[in-house]
Structure formats: structure tokens, C-alpha cells
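Here is a guided walk through one structure. Keep the sequence and the 3D view open while you read.

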Amino acid sequence: MTRALTYSALLFLSAMFIIPFYWTFITAVKNIGELYQFPPVFWPNEVMWENFVTAWFKQPFDVYLKNSVIVVVLSTIGQLFSCSLVAFGFARFQFKGRDAIFVLLLSTMMIPWDVKMIPLYMEFNMLGWINTLKPLIVPAYFADAFFVFLLRQYIMTVPIEIDEAARMDGANSWQIYWRIHLPLMMPALVLVGTFHFMNAWNDYLGPLIYLNDQSKYTLTLGLSMFKGLHETDITSIAAITVVLCIPPLILFFFAQRYIMDGSIGSSVKG
Amino acid sequence: MKKHLKQLAMVTAVASMALGGASAVSAEEVLRFATWNSSENLGILQEISKRFEADNPGVKVQVESYGDGYDKKLIAAFGAGNPPDVMYMWNYPKYHSSLMPLDELMARDAEEMDLEDIPAGLINITRVEGKAYGIPAGFTTHVVYYNKDMFAAAGVAEPVAGWTWADLRAKAAKFRDKASKTYGFAVEAKPDPYDYEQFFWSNGTRFIAEDGSTVDGYMNSPEAVEVLTMFAEMAKNEEATVLGIGDNTSGSALFKGSKLAMFQSAMWSKGGIDKAGINYGVAMLPAFGDKPVHSSIGASAMSIAKATKNPELAWKFVKFFASPEAVKLRENDLPIRTSVAEEMELTSDPIFQPFFEMLALSDRESNAFLKHKNWGKIQTNLERAIEATMIEKGNAKKHLDSAVARSKRHLK
Amino acid sequence: MTTLVVQDEVAEERHRFIEKLTPYLFISPWILGFLFFTLGPLIFSFIMSFYDWPVVGERTFVGLQNYQVMLTEDPLFWDSLWITVKFGLFFVPFNVILGLLLAVLLNQKVIGTGFFRTIFYLPSVISGVALVTIWAWIYSHEYGILNFLLGLAGIEGPNWLGDPNWSLLAIVIASLWGLGGTMLILLTGLQSIPKELYEAAKISGVPAWARLVYITIPMLSPMLLFTVITSIISAFQQLTIALLLTGGGPLESTYFFAMYIYDNAFKYFEMGFAAANSWVMFLIILALSMMVLKSSSAWVYYEGEMKKTEANDD
């Protein structure tokens, strides 16, 4: 009885969540006449699969894909590494100025990007990084506050006794981080990886500001170029959006399973 | 632990080296050219750039396209002192101090460029304090598109030259159909400011005094109130749908879906309508009674950054862009050269002719944004008044007065 | 680094020094990043806020004028701030509570939860620009699917984005579509709760709601704290959806504070003024977050907290 109720609630909710995706998909495969019909066409008369191919070859999307992959992979590695280190530092040590520094870290999440943009651009320009992928990758090696905060909260749910026991056995801080906490926070790391992947994959502003040459563009920048100042190529936007959703979705499907099966946590604790 | 940090540093270093390769210096001279064009229009620009490269060995034109993120990109680039060499420009009052004045170069090469062939009005749009900062690349005037099939089906006579808003309203009323959600015309509640400015002009008033000193008596003049009241009435009587109030459905989308019999727009809508396969005609803007009709001119022009390292090359490229050869390639814009327009028989083409007729009528006024440096903020107040009038479908006088009052602060 | 055997005082000292240094080494990536990429721009923007700083052209020092104009002359400052607060009052609790409910619901190991989790995360995968286009189609007054569906049920839907009474609510709903992220964070947090606690409670006959209130919520509180603080931040930085969906309208009913900053910077080119706006926004978010953080000692329970006084409580 409860189960039936739960399932129908879930089904109803997921119908609401799936509508946008469905709508994007059918928009991508409609022909131009059906695009503007009302009442809306819920299933196109003829599915125009070729719209995907057409959209993909309207711009050098293979080049954009390569750039996006480079950015996403390299920055995700950096983020995972640096954030787990920093989060461990904040969660497991008492040191002078810790709380003040932590507040400082939190506060960096609160600065609106509008005003950081120009000074940051100047800095990257001085470094000669404009029109390279570096501004999109290198900062990821210096720990994003959001993820540090997330991981720190996660680590703090792990009983301190585990650390103490390890220390008794002669482990040093690095070993505690590397051998005990890194495996323990795997679900949270997968989460951070997924989030960062999504952010980097969908980032529009960064590439827009820092990249000039089309050969350096990322996928989202290519996507946005279907939207001119006056006219919008709706079919191509929808088609590329659908394509762009696929890698993160696959990744997510496996990630969530991993997060859920990551029962390593309880086994160590027990 | 130190060892691991070292490893981390190594990874970073290796990664940045791998990426560094991308910025390798080449022997070519690179000219950066930024545009807001996208899709097909961008392809045309790339073609022009290629031809320029062919004529100028050792030069590479890097075409940078930013779509509707153009303004943001330009602000970051100019703000940080790293602008492109050549760029599309429209907002001269904001940027002119960082752009190269072109009058001397134009005077020097007037003959070679055959400047006589380019309507003076198009160059005047780029002037700030008397100096020209751009060479026109393309332009558009505003017109009314109408759906010929819908007119035929409804048995309504198509618009003729010299028509008035009263004519348009009478025609529009005949298309309204609740069941199929069809309308005769569309009124913008969140307009591109140019749209209303041309209506103000056509009704014999302005947004702001000629010398930019005041908006009182202009923005809220009886003529201005009349314009807004007319559009509000059209909305009230359902002669027109209202665009932009809680609805991103554009006039061109409705027109392409045959939900709209007429809509006011410019050259940039033409490509999409062609593609949608609508059988359409183009008419001039209607007049307010017997007052002379007037259109805004939307022009894109090419400007050169003051900071460019290679002004001669940049100028050469701009000249090439305005040459008959390049102008002919840019078929999605109206040609800036009279000779090209005539050669392509556009001035007698029924679709294109109204655009040129509007141009001939439209060199009497200049846009408000050229007249006051705080215009952006004043305009926000005006936009609010237009929106409020359309939502309430009336009370134009009250809202315009309030816009004038709110703007006092910015006119100091 | 092997365990040092204390042989003499020098080694002892060295050991202590390393011990002291270790935490700083762990957090050094962030410290360096802060020095390289954040501190400079921060100082720069602070200086900027005392200038009349157009994007191009002459910059003049104006002292506190930007702050004075914002607080005393520009009605939009207070209006936009109030709208943002209203938005936050809806958005933050809904985001956290619905996220929690979904997470608890989908934490069960039954068939299809993987599928449902993916569905709820779907909107977070779609890039912002496309998502907004979709919402525009959904909300469109005459041509939208929402009012089309309501029409089938015989209800005449409102002009969602065009009626100042509905627009803010419409933006709240559209923003909540991103719930999947919150759900996922809490779902991850649920994994670290020892299963034994639930089993013991079940055996003792504790009902499901009590398990939620007395086990799940306290054990999840560190993650809840995280979602509350980050929800507040994202409420204040809310921009993309409103900017693209309503442009702040109708009649500025969805004109958020972040949009006010955005307009001053990118529409009016007043970088100095925008910097001053940003600093005010920064201080407001900081104050709110500090309040939440301060209150957290009363309701957040850290299994792994290093509290010396409680060390022996077990």
C-alpha cells in the first residue's frame, strides 16, 4: 500500500522532471513547420534524425568536443586531488587560525563574478593565458571552496576514533588521509567529480571570456553561437543540447550507483 | 607527504605545458576580428576573411564570434586592455574613447574607397562629437512583414505604400481568431528601444531633446502618449497580441507559425522567414495620419581598437570589408553601397524595395543613445513605462510622467 | 615520512615543527589558489568601488559616492534586495526540504531507484541556456504547454511570467528544478550513516517517522548545514533563470539583486558602482551564513568533531 503510493508519487514527479528533456528532444527532431504550431505537436509526424547531423556539422563540433574533454578531464583530476587534501586539513586538525581561514574560504563562494571578471582577465592576460585552456583548468588545482566545504562536512561525519586508532598504530597524517579517509570519502569524491564534471562541461561564461579563437572553443560556446542577437536556430540548439546531455547522464547513472553501493563506509566503521 | 605535493605540482606543471603548446607563436601576422554574427552570417564573414588572407599573404584573420555573449566579451576584453583589433560596433558613446577615429584615413583613401557610394547617413551613425569611429558593414531599416496567404484567405487587401496605422488596425482586426490563437499584429511590451523611437519620430516627437538636456515635454509629450495609447488600445481590442510580457515567444516565431498576419521587424528576420517557407510580402512602416513616416536605422559598422598593434593592416581589412566585392557576399544584410544594391536589382525587388524606401525617409533624426551618456538608465525608465502601459492596457500618460520623474536624477 | 624515534631534542623539535606545519600543508592548495586567483581581484574590486570606473575611458576617484547613491538615491537597490529576500524565503526551505524528502525516498534499495535518481537529476544536466528556453515554452501564456494542459482540465492558467503576482513564484518553481543536486548531496550524506543504527531502532520498534527525526536528520545535519548555506548563496546569486526568462520583469517583479549588479556592470558599464553593489551583497550573504554557522552548534551533530571536552563522553 505505502509502496504503491510511493511509486505513484515518484512516477508523477518524474513525469514533471522528464518533460523538459522530452520537449528538448522532440524540438530537435521536428521539422521547421511543426516547430511553431499550436496546439503544440507532441510527437512529430516525421522524425528528422538528420537534424542532429546537420547541427553537428554546422560548426567544428569535433574540435569543440576535444577541447571540452581536455578541460573537463584535467580540471576534474585537479579538483578531486586538491579538494580532498584541503577538506581533510580543515576537518581533522586543530591549528591556529583554522576557523578564520575556513570562514574566508566560505566567503569566497559569495563574491559575485561580475566584478572579479575584469581583474581576473587582466591577471590571465599578464600570464599569457588568454586564448588558451589554462584559465579553465589550472584554478581547479587550487581547490574550489564549494567542494572543500562539501567534503569537509562529509569527513566530519566519520567518527574520530578511526583516526585515533590509526595513529596508535603509528600512521602519520598523510597515511591517515591516503589510506583511510580517501577510501572512506569515495562516495563524496564521486559526488564532487560528478558536480565538477557537470559545471565544467556546461560552463559558458569562462570559455566566452577567456577564449578567442574558434579552434579553442568548447561545446557550450559552440552551442551558444546558435543564438545570435536577433535570430535563434532553435532546432540546432535543441539537437546539440540533447547530444551534450548524454555524456553527463551516462556518467551520472554509474556515479549514483557507485555512491549508493559505496558501502565501504559502513564496513570500515563496523 | 612532501613528495606527494611535489607530484601534485608536477602534474600541474605537465598539464600546463601540454596546454601551452596551443599558444605557440606562429610566423603569421594575426588580425583579430570580433563579431556578434553566428551561423550562416558567420560563414560569410569567414569567406570574406579568407579572401582578404589570399590577397595579403602572411596575414591570418582570426574571426572571433561570440553570438549574444558579444557585449560581455567586449567589456571583459576592453576592461582588461586586450581588445580585438577590428570589431563590430554599435555602442559608440560607450566605447569611442578606446576606438580609432577614422576621418583622416577616410579622407586619405576617399577615392579608392568610393565613399560617395555609401549613404552618408550610415556613416553618421558612427559619429561621436563629430568624429567617425566606424565604417558601415551592413544596415537595416524597419518594415512590416505580412503573410500573403493569410491575407488572401481572409479576403483582406494587402498593404499599399502610404498606409497609416488606422489602415493597419482595420486590417489586423480581421485576423483575430480566439480558437486558433491567431492575431493580426503584434505589439512589443519589452521592445528594442529603437522600435519605439521610430514611432515617436513618426508621430512628431522624440525620446529626448535634440541637445540631450531634458526628456520632460518629449518622452511624456501628448504625441508620445498618443503612440503608447494607440498600442495599448490595439492590445485591448485584440487587434494585436502583446509580446514580451511573460512570454518569450517572439513575433518572428508566431509569424513563422502563421499565428500572426503582420509583424514589424527588420532585415534580421528575413532569413528565418524564408526558411520557414512563408509566402510573405514587405510593406513600409505605416504613418501616423498624414505625418511623415520615419524608421530607425540599425547599422553594424566595423571599428578599430585604438590599442591595435597594426592599425594599417586593420584599416586595410576594414576597407576590404566595405569594398563592392565583400559587400556583395554579405547577402544577409542590406548592401551599404548604392551601386551594389542597384546592380543586384534590390531597389526594384518588391521584398527589398521597402527597406530602401524607408532608408530614404530616415536621415532626419539621430538616436537618443547618442545624445546623453546616461541614456541607458533613462531608457530603463522608459521601458518600464511602456511595459506598465501594455500590462494595464492604458494609463500611458501616468506611466510616461513617472518615467520622466525617475529620469531627472540621471540628467544632471 | 617514517615515524620518528625521539633521539635527541633537535629531532624532537623538528618533529614538533613538522606536526605544526602539517595542517597548513594540507590546506596549502587552497591558500595558494586564494593568493593567486582571488585575493588580487578582491582587492582590485574593493578599490574599484571607490571610483567612477567606466569600462573604457577616464576613471575618477569619487570616495564613498557609489555607496551613498546606492543606499540613498537608487530605489532599485532596495527593491531588488527585497525581491531577492522574498525569493530566498521560498527557495531555501523548499530546496532543502524537498531535496531531503527525495533523498530519503530514493535511498531505499528497491527496484528502479537508480532510474528515478537519474530522472530527478536530469534538469541539472541540461545547460542553463537550454533549460531557460524550455521554461519559456512551458510558461508561455497563450502558447505554453502548462496552460495548454491546464486548459484541458478546464482551468484558465495565469500569465505566469507576465503577471507580477505570479512571476516570482514561477521563477521559484523553475529554480527548484535544480533540486537534483541537493538531493544527490543528501543522498551521499545518507551513505555515511551506519546501518546498524537503523537496524537497532527497527528491532526496538521505533516507527519510520521517528527514525527520520531522531536518526536521519541529526546524523545528516552536517550535510544539511551545507545545503542550507549553499542554498542561501545561490538564492542571492540567482541570475541566469530570471535574466533569460523574464529579464527582471514584469514591472521589476523578478528584478533580483544579482541582476541589479549585472545591469550596472554590463548594461550601464558602471564597474565602480557594480563593485560597490557586490561588496554590499557579499557582506549580506556573509552575515547570513555566519548566523547559520553560529546557530549550527545547536543543531548540527558532528560524529567526527574534535571536541576535547566530549572526548570521554562515550
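**Where the chains meet**

Helix α6 (residues 113-126) of chain A packs on helix α13 (residues 271-299) of chain C at an angle of about 125 degrees, with the axes 8 Å apart. Axes here are lines fitted to C-alpha atoms, for helices over the stretch in contact, and angles run from 0 to 180 degrees between N-to-C directions. The angle therefore makes α6(A) oblique to α13(C). Angles under 35 degrees count as roughly parallel, over 145 as roughly antiparallel, 65 to 115 as roughly perpendicular and the rest as oblique. Helices (H or I, at least four residues) and strands (E, at least two) are DSSP runs, numbered from the N terminus.

This is a predicted model: local features need pLDDT of at least 70, side-chain atom pairs count only at pLDDT 80 or more, and totals for chains, interfaces and linings use all residues. Residues are numbered from 1 along each chain as its sequence is written, while chains are lettered from A and ligands numbered from 1 in the order in which they are written.

Which residues make the contact of α6(A) with α13(C)? From α6(A) come A:Asp114, A:Val115 and A:Ile118. From α13(C) come C:Met271, C:Ala274, C:Ala275 and C:Ser278. Two residues are in contact if their C-beta atoms, placed from the backbone, lie within 7 Å. By class, this contact has 5 nonpolar residues, 1 polar and 1 charged. Ala, Val, Leu, Ile, Met, Phe, Trp, Tyr, Cys and Pro count as nonpolar, Asp, Glu, Lys and Arg as charged, and the others, Gly among them, as polar.

Now turn to another pair of helices from these chains. Helix α4 (residues 61-92) of chain A meets helix α1 (residues 9-48) of chain C at about 135 degrees, and their axes are 7 Å apart. That angle makes α4(A) oblique to α1(C). Chain A contributes A:Ser82, A:Leu85, A:Val86, A:Phe88, A:Gly89 and A:Phe90 to this contact. Chain C answers with C:Pro23, C:Phe26, C:Ile27, C:Pro29 and C:Trp30. The tally is 9 nonpolar, 2 polar and no charged residues.

Step back to the whole contact between chains A and C. It takes 83 residues from chain A and 80 residues from chain C. Helix α14 (residues 234-261) of chain A gives the most to the chain A side, with 12 residues. That side has 56 nonpolar, 22 polar and 5 charged residues.

Chain B also touches chain C. Here 25 residues come from chain B and 26 residues from chain C. On the chain B side, α3 (70-79), α4 (92-95) and α18 (375-392) each supply at least two residues. α18(B) gives the most, with 6 residues. The chain B side divides into 8 nonpolar, 7 polar and 10 charged residues.

Next, the annotated spans. An unreviewed UniProt entry marks "transmembrane region" in chain A, including residues 7-26 and 102-124. Such annotations may be inferred rather than shown by experiment; positions follow the numbering used here, and feature names are shortened. Residues 7-26 of chain A are 100% helix and 0% strand, with end C-alpha atoms 27 Å apart. Residues 102-124 of chain A are 78% helix and 0% strand, and their end C-alpha atoms lie 26 Å apart.

Chain C carries the annotation too, with residues 24-51 and 166-187 among the spans in its unreviewed UniProt entry. Residues 24-51 of chain C are 89% helix and 4% strand, with end C-alpha atoms 37 Å apart.
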